[in-house]
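The sequence and the structure come before my entries.

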Amino acid sequence: MEDEKFMKRCIGLAKKGYGYTYPNPLVGCVIVHKGKIISEGWHKKAGESHAEKEAIEKIKDKSILKKVTLYVNLEPCNHFGKTPPCSDLIVKMKIPRIVIGTLDFNHKVYNKGVSKLKENGCEVITGVLEKECVKLNCRFFTFHKKKRPYITLKWAESKDGFTAPKDPSQKYWLSHALSKQLVHKWRTQEQAIMIGVNTAITDNPKLSSRDWYGKDPTAIVIDPKNRLSKESFLYRNKKKNNLLVVKSKKINLKNVELKTEDLISFLYEKNIQSVIIEGGSKTLSFFIKNNLWDEAKIFKTTVKLGNGVVSPKLEQKEKTIISVGTDKLHTYINF
């Protein structure tokens, strides 16, 4: 039970890095001596110190490290990247006991860090709160195991099942203000946000996180026929938004010959670990039809439109339903 208690703290620390650590995983670390935390750290940004190093460096009297337990939610790395291997540092500091939440499924790391520690006489415990630790880094693991980003679908629909009025010139905000703010929080946690060109032309969106503190995601527009105007907000703010426009004619949602591998390869080659798909209905339906999604978040509102753009159909058992203002947020899991 004590190991689980400290692992929960590691997870809590790791979450502080949401949206900032790409392409690296979320990692938190605590160092415990005689049942008390004496140091802790988390990975804040790619290229900066890993969680283990940050926690170790905070301790002034390094001799105490020979008597501690180090807790970390992800297997310590054993390869040189932008920073040296954490497993080498742990061995150097002669830390006797290491408790790990889950192994790292990145082929560069998998079981190599644990092996290095055991070979040097460390006691290594793995699998503590493993399910929670895997879920924490589902984006990182999906990218390395499935060679594609973690894909989240998101839309709001009226009470009678429409995502927008039939006339695109009619601007109508369906969801509650709190739902909008929550969506902007999600955007800070994802590496990219994707829409189809029709949505880009009709709505001229910003695709930013302006209603929440954090980074804006990379904006991706599927535009095989080069229809997006250079005067659009996304183009005018290309540098700020880090805009990617998918112009390959192979990637065309209207093309029945489309191979999903073309789109996935594009995202994988761009090193996109997570993407939230925000429309339109045709784009969302494409991902649903091809069973190419991991999570879906649907706001069901109290507004009635009478007619309009029919919302995508998702035949999946609901995972959770919560209230957000006057909306009901339905969350579905597909992994």
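**Entry 1: the whole chain**

I began by noting that this is a predicted model, and I then looked up its secondary structure, which gives 12 helices and 15 strands in the protein chain. I asked myself what radius of gyration the chain has beside that of a compact globule. With 335 residues a compact globule would come near 20 Å, and the protein chain has 22 Å, so the value agrees with that expectation. Along the principal axes, the C-alpha atoms fill a box of roughly 70 × 40 × 35 Å.

I also wrote down that 52% of the 335 residues count as buried, and that the accessible surface comes to about 16900 Å², with 50% of it belonging to carbon and sulfur atoms. When I took contacts between residues at least 6 apart in sequence, 74% of them turned out to join residues at least 24 apart. For the charges, I found 62 positive and 35 negative ones, whose mean positions are 3 Å apart.

**Entry 2: the cores**

Which residues have the most contacts inside the largest nonpolar core? This core has 26 residues, and the ones I was looking for are Ile 151, Leu 153, Met 194, Ile 277, Phe 287 and Leu 314. Among the elements that give two or more residues to this core I noted strand 6 (150-157), strand 8 (192-196), helix 11 (260-269) and helix 12 (281-289). A second, separate core has 24 residues, including Ile 31, Leu 65, Val 68 and Leu 117.

I then followed Leu 314 and set aside its neighbours within four places in sequence, which left contacts with Trp 155, Ile 288, Trp 293, Ala 296, Ile 298 and Tyr 332. Ile 288 and Phe 287 are also on my list of buried residues in helix 12, together with Ser 281, Thr 283, Leu 284 and Phe 286. Just after helix 12, I saw that Asn 291 takes a positive phi of about 50°.

**Entry 3: Ala 200**

Ala 200 lies in helix 8, which covers residues 197-203. Is Ala 200 buried or exposed? Its relative accessibility is 3%, so Ala 200 counts as buried. Apart from neighbours within four places in sequence, Ala 200 is in contact with Ile 195, Pro 205, Val 221 and Leu 228. I also checked Ala 200 against Ile 98, 102 residues away along the chain, and their C-alpha atoms are separated by 49 Å.

**Entry 4: the loop between helix 8 and strand 9**

Asn 204 lies in this loop, and its phi is near 45°, a positive value in a residue other than glycine. Leu 207 lies in the loop between helix 8 and strand 9 and has a positive phi of about 55° although it is not a glycine. I compared their accessibilities: Asn 204 is partly exposed at 35%, whereas Leu 207 counts as buried at 4%.

**Entry 5: cis peptide bonds**

I noted that the peptide bond from Tyr 22 to Pro 23 is cis, with omega near 5°, and that Pro 23 lies in the loop between helix 1 (2-14) and strand 1 (28-33). Another cis peptide bond joins Gly 279 and Gly 280, with omega about 5°, and Gly 280 is found in the loop between strand 11 and helix 12.

Methods
Residues numbered from 1 in each chain as written. Predicted model: local features only at pLDDT ≥ 70, side-chain atom pairs only at ≥ 80, totals over all residues. Heavy atoms only, no water. Helix = DSSP H or I, 4+ residues; strand = E, 2+ residues; numbered from the N terminus. Rg over C-alpha atoms; globule rule 2.2 N^0.38 Å. Buried < 20%, exposed > 50% of the residue type's maximum accessible area, 1.4 Å probe, protein only. Contact = heavy atoms within 4.5 Å. Areas by Shrake-Rupley, 256 points an atom, 1.4 Å probe, with all protein chains shown as cover. Lys, Arg positive; Asp, Glu negative; His and termini not counted. Charge placed at Lys NZ, Arg CZ, Asp CG, Glu CD. Core = buried A, V, L, I, M, F, W, Y, C linked by side-chain atoms within 4.5 Å.
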